[in-house]
Amino acid sequence: MRSKNKGREYHGPTSQLQPAHDALLRLATNPQDACALVAVYESYGNDVKASAVRWFGRDAEVRAKAINSILAAIGRQAGSYDPQSMNASEWVSRLADAEARRLREALDRGGSRGRRTRRAI
């Protein structure tokens, strides 16, 4: 479906997701491409935030740290994105959830150790 919309061509609902797909492919070749990471976040930030809220609750400070860690993981692992096996949205959602779960488990392990009292030797 092609129509003119404010001077831009419209190719259907997937045309809005193409920049994020392209950004993931750019990140795969250059994990330090900040512009590509921003493009992914602009398209899928709600998915990233949802994972952070699901695993860390609504504490804004913890959530912000989790989001930053998830974005770093997206940059590091973009090379594993295979557009033939799943779409970009699903890949980002799965990676965000897996990274948030990993962070939650690490926090829980570290937190329980930090609360223990030292034994007398």
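**View 1. Contacts of Glu99.** Apart from neighbours within four places in sequence, Glu99 is in contact (heavy atoms within 4.5 Å) with Ser69, Ile70, Ala73, Arg76 and Gln77. Glu99 lies in helix H4, residues 88-115; helices (H or I, at least four residues) and strands (E, at least two) are DSSP runs, numbered from the N terminus. Glu99 counts as buried because its relative accessibility is 6%; buried means under 20% relative accessible area, exposed over 50%, and partly exposed in between, with a 1.4 Å probe and protein chains only. The model is predicted: local features need pLDDT of at least 70, side-chain atom pairs count only at pLDDT 80 or more, and totals for chains, interfaces and linings use all residues. Residues are numbered from 1 along each chain as its sequence is written, and side-chain values use heavy atoms, leaving out hydrogens and water.

**View 2. Packing of H1 against H2.** Two packed helices are described by the angle between their axes and the distance between the axes. For helix H1 (residues 18-29) and helix H2 (residues 34-56), the angle is about 145 degrees and the axes are 8 Å apart. Axes are lines fitted to C-alpha atoms, for helices over the stretch in contact, and angles run from 0 to 180 degrees between N-to-C directions. On the H1 side the contact is made by Ala20, Ala23, Leu24, Arg26 and Leu27, and on the H2 side by Cys35, Ala36, Leu37, Ala39, Val40, Ser43 and Tyr44. These residues divide into 10 nonpolar, 1 polar and 1 charged; Ala, Val, Leu, Ile, Met, Phe, Trp, Tyr, Cys and Pro count as nonpolar, Asp, Glu, Lys and Arg as charged, and the others, Gly among them, as polar.

**View 3. The loop between H1 and H2.** Asp33 is found in this loop. Asp33 counts as buried because its relative accessible area is 18%. Leu27, not counting residues up to four places away in sequence, touches Asp33, Ala36, Leu37, Val40, Ile74, Gly75 and Ala78.

**View 4. The largest nonpolar core.** This core has 27 residues, and those with the most contacts inside it are Leu24, Leu27, Val40, Val48, Ile74, Trp91 and Val92. A nonpolar core is a set of buried Ala, Val, Leu, Ile, Met, Phe, Trp, Tyr and Cys residues joined through side-chain atoms within 4.5 Å. H1, H2, helix H3 (60-77) and H4 each supply at least two residues of the core.
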